[in-house]
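Me: Hey, I've got a structure open and I'm new to it. Can you walk me through it?

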Amino acid sequence: MNLSKSLYTKGIQCSKALWLKKYNKSVLTPPDDSALARFETGNVVGDLACELFPNGIEIPYTTNFDEMIKQTAKYIDDGIKYIYEATFNFNGILVLVDVLEIHEDSKVSIYEVKSSSSVKDIYVHDTSIQYYVLEQLGFSIVSANVVHINSSYVRGDSLELDELFTIADVSDEVIALQENIPTTLKEFETILEDKINEPNIDIGKHCHNPYVCDAKDYCWNTQRAIPEYSIFNIFNLGSKKQIELYSQGITKIEDIPDDFAMTANQAQAVENYKSKETFINKEKIKEFVDTLTYPIYHLDFETFQQAIPEFKGISPYQQIPFQYSLHIEYEDGTLEHKEYLALDGIDPREQIAKRLVADIPNDVTVLAYNMSFEKGVIKRLADLYPKLSTHLLSINENMKDLMIPFQKKYYVTPSMNGSYSIKYVLPALVPEFAKAYKELDGVQNGSQAMNAFANLGKLDEVSKEKMRTSLIEYCKLDTLAMVKILEKLKEFKGVIKRD
């Protein structure tokens, strides 16, 4: 065999995914912007975690793994206490240990570094194959550990690595897996011996757990023609019900039998989809619209996260607001736009809090889509800046949620695919806006916005200004989209049902 620890853990999730990775990579979905950002975060966290184990030596990465293995052996013989990316091979199984601690009498400890805030089962499998290889090579292993981010850590004036990271001893869990590894490796070997025929493995929970598999689109859409909106998207329809339908060859909503047991809400969603009709509850929409008083302040935040908090008072992965867009809609239809985009490299929170207070009076209707997010951002700012808290909290008290008419099913149309996410609501009500997002330059969605701001400091001044313009145009479109959605809701008053 020729396996790395990443291929081993891929096989643990699904042996078909392992086979495809080895022999048919072209069908796999390449990583998107979010995945690439996670990989970069992982690298940064990995480098910083090495500082917990000072004065070590890193094995430089090269495709010549034999050289890396040779260099590792030399450093062990030289008595180096910590080796980063220590490299070993046993029977074709290649592992790079993030941090290897060398004790006396050839005893070692393994440290696997993860940018996650907890220990996941797949991390234990990752560590267990490293343990297996080293044990087979004759090492006596003192402990196996997962080093991960402590999400409850709050940064002070300086970064405290001992508080930022948690070292979890997973030796017992790793040792418990050792007896199964030879069997698992034999199964992988058997599967990989056939380079022509991919394993016949059906879809299931493993397609999403512990990660969304990069073969999912191939297995679900290409091979099984499962539509974008299928039985697997029906809200709160449990896995047993999904498996029951799938085992009968049913994946399309329109093929679900009329007498299939579901909750009232699920049955209504299915019926709405099957009918291909648009349902509008004019009374409820009118009630919602009538709760809004002019002027209406349409608000949308953009936030980013840091695994390693850069600013005082921030925890790992805390949502940090860096931008907002505000469309102010007056009763005569006039629109006024205000915006804020922080400078990169500084803590944006105080300035954004001050600008919010300046831009939004404390007694006006503020409209957001899925307002729990905006409220959470404002509540954290209020907690942080007591002098501004009264005004900030009054903004929250006057906030309304534009999601309500869709969440409560006052408006349902088949193209929304049973969802009330703005991702589906917007193109259903204002289809020209879906095109408008695609025509934006540089930033077309929230993930791209988050990554763009986080990386502004790496750009030259010309590129930075261009990206800042892209961020402003994207966020501006978000609140203008809300204006257009509300405009459509106002039109529906007086309409009960439309085909």
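Me: What share of the contacts join residues at least 24 apart?
Reply: Among contacts in the chain between residues at least 6 apart in sequence, it's 68%. Contact here means heavy atoms within 4.5 Å. Keep in mind that this is a predicted model, where local features need pLDDT of at least 70 and side-chain atom pairs count only at pLDDT 80 or more, while totals for chains, interfaces and linings use all residues. Residues are numbered from 1 along each chain as its sequence is written, and side-chain values use heavy atoms, with hydrogens and water left out.

Me: OK, how many helices and strands are there in the chain?
Reply: The chain has 20 helices and 15 strands. Those are DSSP runs numbered from the N terminus: helices are H or I with at least four residues, strands are E with at least two.

Me: And how much of the chain is buried?
Reply: Buried residues account for 45% of the 499. Buried means under 20% relative accessible area, exposed means over 50%, and partly exposed is in between (1.4 Å probe, protein chains only).

Me: Which residues of strand E12 are buried?
Reply: In E12 (residues 365–368), Thr365 and Leu367 are buried on one side, and Val366 and Ala368 are buried on the other. In a regular strand, side chains alternate between the two faces of the sheet.

Me: What does E12 pair with?
Reply: E9 and E12 run parallel, joined by three bridges, and strand E13 (residues 399–401) also runs parallel to E12 with three bridges. Two strands count as a pair if DSSP finds at least two bridges between them. Histidine 298 has leucine 367 of E12 as its bridge partner, while valine 366 stands opposite methionine 399 in E13.

Me: Switching topic: is glutamine 323 buried or exposed?
Reply: Buried, because its relative accessible area is 2%. Glutamine 323 lies in strand E10 (residues 320–329).

Me: What does its side chain reach?
Reply: The side chain of glutamine 323 gets to the backbone oxygen of leucine 471 at 2.8 Å. Leaving aside neighbours within four places in sequence, the contacts of glutamine 323 include Asp300, Tyr340, Ile352 and Cys475.

Me: Where's histidine 103?
Reply: Histidine 103 sits in the loop between strand E4 (93–102) and strand E5 (107–113). At 27% relative accessibility, histidine 103 counts as partly exposed.

Me: Which side chain does histidine 103 join in a polar contact?
Reply: That of serine 109, at 2.8 Å. A polar contact is a pair of N or O atoms within 3.5 Å; within protein, one must be able to donate a hydrogen and the other to accept it, and residues adjacent in sequence count only if both atoms are side-chain atoms.

Me: Where are the cis peptide bonds you know of?
Reply: One joins asparagine 209 and proline 210, with omega about 5°. Another joins tyrosine 294 and proline 295, with omega about 0°. Proline 210 is in the loop between helix H8 (181–193) and helix H9 (216–222), and proline 295 is in the loop between helix H12 (282–290) and E9.

Me: What about positive phi in residues that aren't glycine?
Reply: Glutamate 85 has a phi of about 65° and is found in strand E3 (residues 82–90). Asparagine 91 has a positive phi near 55° and lies in the loop between E3 and E4. Glutamate 85 is partly exposed at 25% relative accessibility, whereas asparagine 91 is exposed at 60%.
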